[in-house]
Amino acid sequence: MVRVAIVGCTGKLGNVIMKNALSRKDIEVSYAIARKGNRFVGQTISELVGGEFDLPIIDDIEVAKDCDIFIDCTNAETFMYDSYFKYEKMGKALVIATTAFSNEDMEKIGKLAINIPVFISGNFSVALHDFIETLKFYVKSISLDTDIQIVEYHHNQKKDAPSGTALMIKDALLDANKKINKEKVNICSIRGGNIFGEHEVIFANCKDEIVTFKHQVSSRETFADGAIEVSVWTAKQTNGLYDMNSFCNRLIE
């Protein structure tokens with residue numbers, strides 16, 4: 001049984017992660033943590049997920065001493081300026097389920113991973129990982145006159161643009177083919193309604209050819225389930241920095 005503490009439990013993703021975790025037999029939701037001043041603090045998680053659960057929603061990470069792993073679903077600013085040093089102090093395994101970190105932030109997260117297992121990803125979908133692997137295979141042989149457009153669609157409350165997934169895709173393409181001019185790879189961010197997430201990659205060359213790849217989700221369930229699966233795995237790992245490549249590659253080892 002893996003004991004998890006969900007930080008940012010009242011948010012869109014955190015809420016779904018908590019609901020899904022509560023339905024599993026290999027996971028125990030030991031702590032539900034919100035930011036200070038959140039209106040749900042002091043109430044039970046039943047107010048968020050329904051049913052009869054007596055677990056209170058708290059606002060202090062450092063109270064969560066009896067957990068195996070934290071799942072952080074807050075945002076980059078809250079993580080770096082409020083939670084980072086608390087995680088360092090607690091010494092528990094950590095899954096970071098938020099995006100928009102700067103290069104400097106990533107360096108600090110790398111240092112955090114020296115002392116604890118840290119898993120970070122802009123997207124927890126295994127199908128998305130396979131989608132990117134397909135793109136990496138395709139991009140290796142494209143003509144260098146090809147323009148690459150990454151179009152990402154998300155709901156109108158998403159704060160970061162481009163999305164963490166779009167940046168993952170761009171980095172993967174550039175890494176897979178070092179000859180590609182960075183100026184040839186552009187990202188277009190669209191925000192509207194309740195779109196959960198869609199990423200389209202368009203390859204257009206000067207020979208009148210267009211090739212398009214697309215990944216789309218219709219709910220947050222896949223992200224939440226992925227984050228839970230990753231947490232169960234990460235809780236058993238040694239200190240270090242892990243991502244979806246680490247997690248998915250275990251299936252073929």
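Reader: Thanks! At what angle do helix H3 and helix H4 pack?
Author: Helix H3 (residues 76-90) and helix H4 (residues 103-112) pack at an angle of about 10 degrees, and their axes are 11 Å apart. That makes H3 roughly parallel to H4, a label used for angles under 35 degrees. Axes here are lines fitted to C-alpha atoms, for helices over the stretch in contact, and angles run from 0 to 180 degrees between N-to-C directions. Helices (H or I, at least four residues) and strands (E, at least two) are DSSP runs, numbered from the N terminus.

Reader: Before we go on, where does the model come from?
Author: It is a predicted model, in which local features need pLDDT of at least 70 and side-chain atom pairs count only at pLDDT 80 or more, while totals for chains, interfaces and linings use all residues. Residues are numbered from 1 along each chain as its sequence is written, and side-chain values use heavy atoms, with hydrogens and water left out.

Reader: Now the sheets. In what order do the 7 strands run?
Author: The order is S3-S2-S1-S4-S5-S6-S11, in an open sheet with parallel pairing. Two strands pair if DSSP finds at least two bridges between them. Strand S3 (57-58) and S11 are the edge strands, each pairing on one side only. Strand S1 (residues 2-7) is joined to strand S2 (residues 27-33) by 6 bridges, and valine 7 has isoleucine 33 in S2 as its bridge partner.

Reader: Which strands does H3 touch?
Author: H3 packs on this sheet against S1, S4 and strand S5 (93-96), and its direction makes about 170 degrees with that of S4. Helix H1 (residues 12-22) lies across S1, S2 and strand S4 (69-72), at about 150 degrees to S2.

Reader: And the sheet with 4 strands, what's its pairing?
Author: The pairing is mixed, and the order is S8-S7-S9-S10. Strand S8 (185-191) and strand S10 (210-217) each have a single partner strand, so one side of each is left without a neighbour in the sheet. Strand S9 (residues 197-204) pairs with S10 in the antiparallel sense over 8 bridges, with alanine 204 opposite isoleucine 210. Helix H5 (residues 126-139) packs on the sheet, touching strand S7 (147-154), S9 and S10.

Reader: Switching topic: what's the volume of the second largest pocket?
Author: About 810 Å³. On a 1 Å grid over the protein atoms alone, a pocket is an open set of points where a 1.4 Å probe fits, with protein on both sides within 12 Å along at least five of seven lines; lining residues have an atom within 4 Å of a point. Grid points are joined across faces, edges and corners, and a volume is the space filled by probe spheres set on the points.

Reader: How many residues line it?
Author: The lining has 24 residues, with Gly122, Gly164, Leu167, Met168 and Asp171 nearest the pocket's centre. Its largest share, 6 residues, comes from H6.

Reader: Last one: where is proline 162?
Author: Proline 162 is in the loop between S7 and H6, and a cis peptide bond joins alanine 161 to it, with omega about 0 degrees.

Conventions
Parallel < 35°, antiparallel > 145°, perpendicular 65-115°, else oblique. Contact = heavy atoms within 4.5 Å.
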